[in-house]
Every structure is written in structure tokens, then in C-alpha cells.
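Here are my notes for someone opening this one up for the first time. Have a look through the model, then go down the points in order.

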Amino acid sequence: MKAYNLDHVGIAVRDLDAALAGYRTRYGIEVLHREVVTDQGVEEAMLALGGSYVQLITPVGPEGPVARFLDKRGEGLHHVAFAVLDLEVALAHLKTEGSRLIDREPRRGGRGTRIAFVHPSDLSGTLIELVEHATS
Ligand code: CO
């Protein structure tokens, strides 16, 4: 298993429209895609930057991991996402490594992706997301 791209950095925000306006006016980064991902209880916005994305995420309700994150830690860097070619292969490899997985099976991400999260306590205190893009 080899991660092949820094797919995105996920940043938790309270006000998605305000954050998008700030990224546009300060850094000239435009939003490419917005989507409510029901499975994760978030609305996400993807901002294209070179071969990677900035992903802004905001909770759609008072419950859920991102809402809890904002309550505890406030706005800021939430996770780092690596692209992998085959998510099943990647998860099987991490199981053999004894990694602490949040998702033992792939789940649905935005834009037709499949994703899985690895617990921050597994490595370097960082929540890692693995992303497999839909083959078109
Ligand atoms: Co993400």
C-alpha cells in the first residue's frame, strides 16, 4: 500500500459561507464543489489548489464528531487526507500493521469517493482520512 497524493486538508469551520468568502478574497481560492454528506453529518466544500484540495467542513446539526470537535477545540485543522488506489487493500494493510482504525470498512464520502478514517492516536496525533476516488 502506498498513498499517492495529499488529497486534501480538512478544516472545521462554524460558518461555511464566511470561511469560503475569506479563502476567496484572501487567497484567491475558489470553491469547486459543495455537498451535504449525511453519513458524516457535515456540509463540505472543496476548494481546488494545485493537485490537492482544501476541504472546509461544518456540522449540519448539533451532534456528530465535527460538532464535538468544534465545541472542544474550536475551528481549525481537523484531518489530513491521503489518496489511495484501493481502499480495501489499504485497510487490510493497516490492520496487519495494527493501526487503530475508526472505520474498519469503507464508507461514502463526497463526490462519489469512498473513505475511511484512522484514529489520531495511531500516528503523530493526526486524524488521517484515506480517499479512494471513483474511477471514471
Ligand atoms: Co476529508
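Is Ser52 buried or exposed?

1. Ser52 is buried, because its relative accessible area is 18% and buried means under 20% (exposed is over 50%, partly exposed in between, with a 1.4 Å probe and protein chains only). Ser52 sits in strand β4; strands are DSSP runs of E of at least two residues, helices are runs of H or I of at least four, and both are numbered from the N terminus. Leaving aside neighbours within four places in sequence, Ser52 is in contact with Asn5, Leu6, Asp7 and Leu47, where contact means heavy atoms within 4.5 Å.

2. A word on what you are looking at: this is a predicted model, in which local features need pLDDT of at least 70 and side-chain atom pairs count only at pLDDT 80 or more, while totals for chains, interfaces and linings use all residues. Residues are numbered from 1 along each chain as its sequence is written, and side-chain values use heavy atoms, with hydrogens and water left out.

3. Now the sheet. It is an open one of 8 strands with mixed pairing, in the order β2-β3-β4-β1-β5-β8-β7-β6. At the edges are β2 (31-37) and β6 (107-108), each of which pairs on one side only. Two strands pair if DSSP finds at least two bridges between them.

4. Strand β4 (residues 52-59) pairs with β1 (residues 5-12) in the parallel sense, over 5 bridges. Within this pair, Ile11 stands opposite Leu56 of β4. Helix α1 (residues 16-27) lies across β1, β2, β3 (42-49) and β4, and runs at about 155° to β4. Helix α3 (residues 87-96) also packs on the sheet: α3 touches β7 (114-118) and β8 (128-132), and its direction makes about 15° with that of β7. For these angles, axes are lines fitted to C-alpha atoms (for helices over the stretch in contact), and the angles run from 0 to 180 degrees between N-to-C directions.

5. Which residues hold the cobalt ion? The ion is coordinated by His8 (NE2), Gln55 (OE1), His79 (NE2) and Glu129 (OE), at 2.0 to 2.2 Å. Donors here are N, O and S atoms within 2.8 Å of the metal (3.2 Å for Na, K and Ca), and since water is not among the atoms, sites may look incomplete. In sequence, the donor residues follow the spacing H-x46-Q-x23-H-x49-E. His8 in β1 and Gln55 in β4 link distant parts of the chain, 47 residues apart. His8 counts as buried at 2% relative accessibility, and so does Gln55 at 4%.

6. Why is the arrangement around the cobalt ion irregular? Because the 4 donor atoms subtend angles of 83 to 170°. Four donors count as tetrahedral if all angles lie between 85 and 135 degrees; four count as square planar and six as octahedral if opposite donors are over 155 degrees apart and all others between 65 and 115, and anything else is irregular.

7. Finally, β6 and β7. They run antiparallel, joined by 2 bridges, and Arg107 has Ile115 in β7 as its bridge partner. The two strands form a hairpin with 5 residues between them, and Arg111 in the turn has a positive phi of about 55°. β7 also runs antiparallel to β8, with 5 bridges; there, Val118 is the bridge partner of Ile128 in β8. Since 4 of its 5 residues are buried, β7 is largely enclosed by the rest of the structure.
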